Amino acid sequence: MKIVALQGSPRKKGNTAKVLSWVEEELVAMGHDVESIFLNTKNLKGCLACGKCKEKPDSVGCIQKDDIPEILEKMTSAELVIFASPLYFWGLSAQLKTVIDRTYSLYVDYHQPGHASLVDGQRQALLVTGAGPFENNAEAAFTAFGRMQKPHKTVNAGELFIGSCSTPDKLDDQIKDKAVAFAHKIIG
Ligand SMILES: Cc1cc2nc3c(=O)[nH]c(=O)nc-3n(C[C@H](O)[C@H](O)[C@H](O)COP(=O)(O)O)c2cc1C
């Protein structure tokens, strides 16, 4: 399976990176083709809401000249996309949110009969790490992700929240087991 992972933490060796690396290692061990994209070193501009992308329903069609059109192209050719992020102020990181906003260019006619998406039927998974618990903390990030999948017309492949994170060296074997189980779940 062709898999793209969007690593949305600015910390290359942080908690999100470590949990995601366990997921990716397991996916590779199962024979999958995984491309991990570290968003923080990419040129990422916010959506302009210009609507030009809607004039080209058969392609990404975004007019901005940054690194996101290439990332979106990779996403459209993947069978599974993993969205990974630390929890920042009860939401996803700015890096990942910026890419998500730009997925506005992946679909047309949401809520209308002609609703079509370049990622129709794709599996998408969400992995989030945070310092606090899930309850009264991480819900909104997962709710927003699920709502994003409606215009995308995608399949929720799985969701994993790793709470009570401090430093990456404290992420233990129990968490690694959750990451490995998550890898098996998300491929379906
Ligand atoms: C700007 C900022 C906002 C944060 N907001 C939250 C939050 O709302 N809830 C939470 O549980 N943790 C919060 N944290 C903690 C991080 O989510 C947590 O340490 C995470 O594991 C960091 O991931 P990383 O090591 O991949 O960067 C925040 C951290 C930062 C820097």
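At 12% relative accessibility, C165 counts as buried (under 20% relative accessible area; exposed is over 50%, partly exposed in between; 1.4 Å probe, protein chains only). The model is predicted, so local features need pLDDT of at least 70 and side-chain atom pairs pLDDT 80 or more, while totals for chains, interfaces and linings use all residues. Residues are numbered from 1 along each chain as its sequence is written, and side-chain values use heavy atoms, without hydrogens and water.

A disulfide was taken as a pair of cysteine sulfur atoms within 2.5 Å. The count was 0 disulfides. C47 is in none; its nearest cysteine sulfur belongs to C53, 6.6 Å away. C47 is partly exposed, at a relative accessible area of 34%.

Helices (H or I, at least four residues) and strands (E, at least two) are DSSP runs, numbered from the N terminus. Helix α2 spans residues 68-76, and its buried residues are I68, P69, I71, L72 and M75. Seen down the axis of α2, these fall within an arc of 160°, so they line one face of the helix. The arc is that of the directions from the helix axis to the C-beta atoms. The buried residues of α2 pack against β1 (2-7), β2 (33-38), β3 (80-86) and α3 (94-102), with contact meaning heavy atoms within 4.5 Å.

Strands β1 and β2 pair in the parallel sense over 6 bridges; pairing requires that DSSP finds at least two bridges between two strands. The chain crosses from β1 to β2 through helix α1 (residues 15-29), in a right-handed β-α-β crossover. Right-handed means that, with the strands pointing away from the viewer, the path from the first strand over the helix to the second runs clockwise.
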